[in-house]
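Subject: Structure handover

Hello,

Here is the structure I said I would pass on. Please open it next to this email and follow along; my notes come after it.

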Amino acid sequence: MARTLIPRAVAAGATIRSGCRVIKLDRDGDRVIGAQARLTRPDGGPDERLTIRADEVVVCGGAIQTPALLQRSGFRGPIGKHLKMHPTIKIAARFPHPVDHGDVPMHRITEFAPNLTIGGSASRRGHVALAVADCDADAAARLEDWEHVSVYYAAIRSEAGGRVIALPGLRDPLVTYRLTDGDLSRLSRGLVHLGEALLAAGATELYPSVVGAPVARDVSGLLPWWNAVDRRASNLMTVHLTSSIRMGNDPRAAGADSYGKIHGATNLRVNDASLLPDAPGVNPQATIMTIAARNADALLASLS
């Protein structure tokens with residue numbers, strides 16, 4: 001974005017305000033007439049209040065901050081409901097040789113997709129430290145030659161759903177998400193399949209992101225992992241958050257139409273991952289960009 005679309009926007013006349021946090025949208029009936037924001041001063045002084053006026057408003061804050069902003073601005077109904085994600089469990093794997101930590105590996109195992117995908121994760125020293133610290137291992141000792149350790153993931157397509165709730169007086173919203181028993185079963189399966197793949201690739205020790213789980217050095221060492229994955233012990237993560245303002249024609253079930261226009265507002269649109277009706281089981285980046293480009297074209301066409 002910093003090298004492509006943002007320079008093109010600036011060249012076309014757009015103004016970019018960094019350090020600017022939108023607090024609330026200003027409304028006049030069913031129209032949004034602008035926004036109230038706070039601008040962080042580079043000298044560390046008090047935030048500057050900023051009022052933005054606009055004929056058309058497009059919110060692109062992602063699946064967490066977009067519904068929170070709309071809720072703070074008085075929009076309710078399905079806004080913030082139906083949050084979806086790909087719960088992800090990890091393994092830090094030790095190899096007998098140093099591994100490349102420069103870039104995130106692009107290789108993936110898709111045999112079990114879309115319900116389960118396996119691949120490589122970010123593996124800087126800090127990432128390795130976090131991964132090793134979870135399981136039954138001496139984290140300090142494992143980090144002495146961390147260059148031999150890399151982190152891998154197993155991500156599932158989840159049955160569960162969550163919510164985003166803006167709470168009065170708090171800067172960030174409350175996000176809840178409760179895994180189903182089926183989700184936990186898929187995570188256990190994913191963890192074991194990932195361990196099998198890493199051992200076959202030459203790993204000598206596997207450290208799962210499950211508190212208290214044993215280190216595995218062979219296939220038999222993976223057996224205790226089946227029952228170790230639960231809601232308390234598993235340290236999960238995700239980078240794919242979607243669906244908190246999912247698109248659809250029924251305003252009772254969807255927050256926006258397929259072009260991102262918020263139901264009940266004449267000039268307010270959303271154009272980010274929150275529009276996706278579900279987490280698709282694959283990286284949603286291409287889908288999000290396609291929908292965003294389509295919706296931007298539709299908005300521009302309606303103004304011409």
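A residue counts as buried when its relative accessible area is under 20%, as exposed when that area is over 50%, and as partly exposed in between. S243 has a relative accessible area of 0%, so S243 is buried. Please keep in mind that this is a predicted model.

Backbone features

S243 is also worth a look for its backbone. The phi angle of S243 is positive, at about 75 degrees, although S243 is not a glycine. Most residues other than glycine have a negative phi, and most peptide bonds are trans. S243 sits in the loop between β13 and β14 (268–270).

H82 is another residue that is not a glycine and has a positive phi, here about 65 degrees. The loop that holds H82 runs between α2 (62–72) and β5 (84–85). With 29% relative accessibility, H82 is partly exposed.

Which form does the peptide bond from A113 to P114 take, cis or trans? That bond is cis, and its omega is near 5 degrees. P114 belongs to the loop between β7 and β8 (116–120).

Strands of a sheet pair through backbone hydrogen bonds, either parallel or antiparallel. In this model, β1, β2 and β3 form an open sheet in the order β1-β2-β3, and their pairing is antiparallel. β1 (20–28) and β3 (48–53) are the edge strands, each of them pairing on one side only. From one strand to the next, the twist averages 25 degrees.

How many bridges join β1 to β2? There are eight, and β2 covers residues 31–39. To see one of them, find R27, whose bridge partner in β2 is V32.

T88 and its surroundings

T88 is part of strand β6, which covers residues 88–94. The relative accessible area of T88 is 6%, so T88 is buried. The side chain of T88 reaches the backbone oxygen of H86 at 2.9 Å. Once its neighbours within four places in sequence are left aside, T88 is in contact with Y153, A154, A155, L187, L236, M237 and T238.

Salt bridges

How many salt bridges does a search of the whole structure find? The search finds 13. Three of these pairs are described below.

E205 forms a salt bridge with R94, and the closest N and O atoms are 3.5 Å apart. E205 lies in strand β12 (residues 205–208) and R94 in strand β6, so this pair ties together parts that are 111 residues apart in sequence. E205 is buried at 12% relative accessibility, and R94 is buried with a relative accessible area of 10%.

R231 and D181 form another salt bridge, with 3.2 Å between the closest N and O atoms. R231 is in the loop between α6 (225–228) and β13 (241–242), while D181 is in helix α5 (residues 181–200), so the pair links parts that are 50 residues apart in sequence. R231 is partly exposed, with a relative accessible area of 37%, whereas D181 is exposed at 57%.

Some salt bridges share partners: R94, D145, E205 and R217 are joined into one network in this way.

The pair of D43 and R41 also forms a salt bridge, and the closest N and O atoms there are 2.9 Å apart. D43 is exposed at 55% relative accessibility, and R41 is partly exposed at 35%.

An aromatic pair

The count of aromatic pairs comes to one. The ring centres of F95 and Y152 are 6.4 Å apart and the ring planes stand at 70 degrees, so the pair is edge-to-face. The cut-off behind that step is that planes over 60 degrees apart count as edge-to-face. F95 lies in the loop between β6 and β7 (108–109) and Y152 lies in strand β9 (residues 149–156), so the pair ties together parts that are 57 residues apart in sequence. F95 is buried at 7% relative accessibility, and Y152 is buried with a relative accessible area of 18%.

Regards

How values were computed
Residues are numbered from 1 along each chain as its sequence is written. This is a predicted model: local features need pLDDT of at least 70, side-chain atom pairs count only at pLDDT 80 or more; totals for chains, interfaces and linings use all residues. Side-chain values use heavy atoms; hydrogens and water are left out. Two strands pair if DSSP finds at least two bridges between them. Helices (H or I, at least four residues) and strands (E, at least two) are DSSP runs, numbered from the N terminus. Axes are lines fitted to C-alpha atoms, for helices over the stretch in contact, and angles run from 0 to 180 degrees between N-to-C directions. Buried means under 20% relative accessible area, exposed over 50%, partly exposed in between (1.4 Å probe, protein chains only). A polar contact is a pair of N or O atoms within 3.5 Å; within protein, one must be able to donate a hydrogen and the other to accept it, and residues adjacent in sequence count only if both atoms are side-chain atoms. Contact means heavy atoms within 4.5 Å. A salt bridge is a side-chain nitrogen of Lys or Arg within 4 Å of a carboxyl oxygen of Asp or Glu. Rings of Phe, Tyr and Trp (its six-membered ring) pair if their centres lie within 6.5 Å; planes under 30 degrees apart count as stacked, over 60 as edge-to-face and the rest as tilted.
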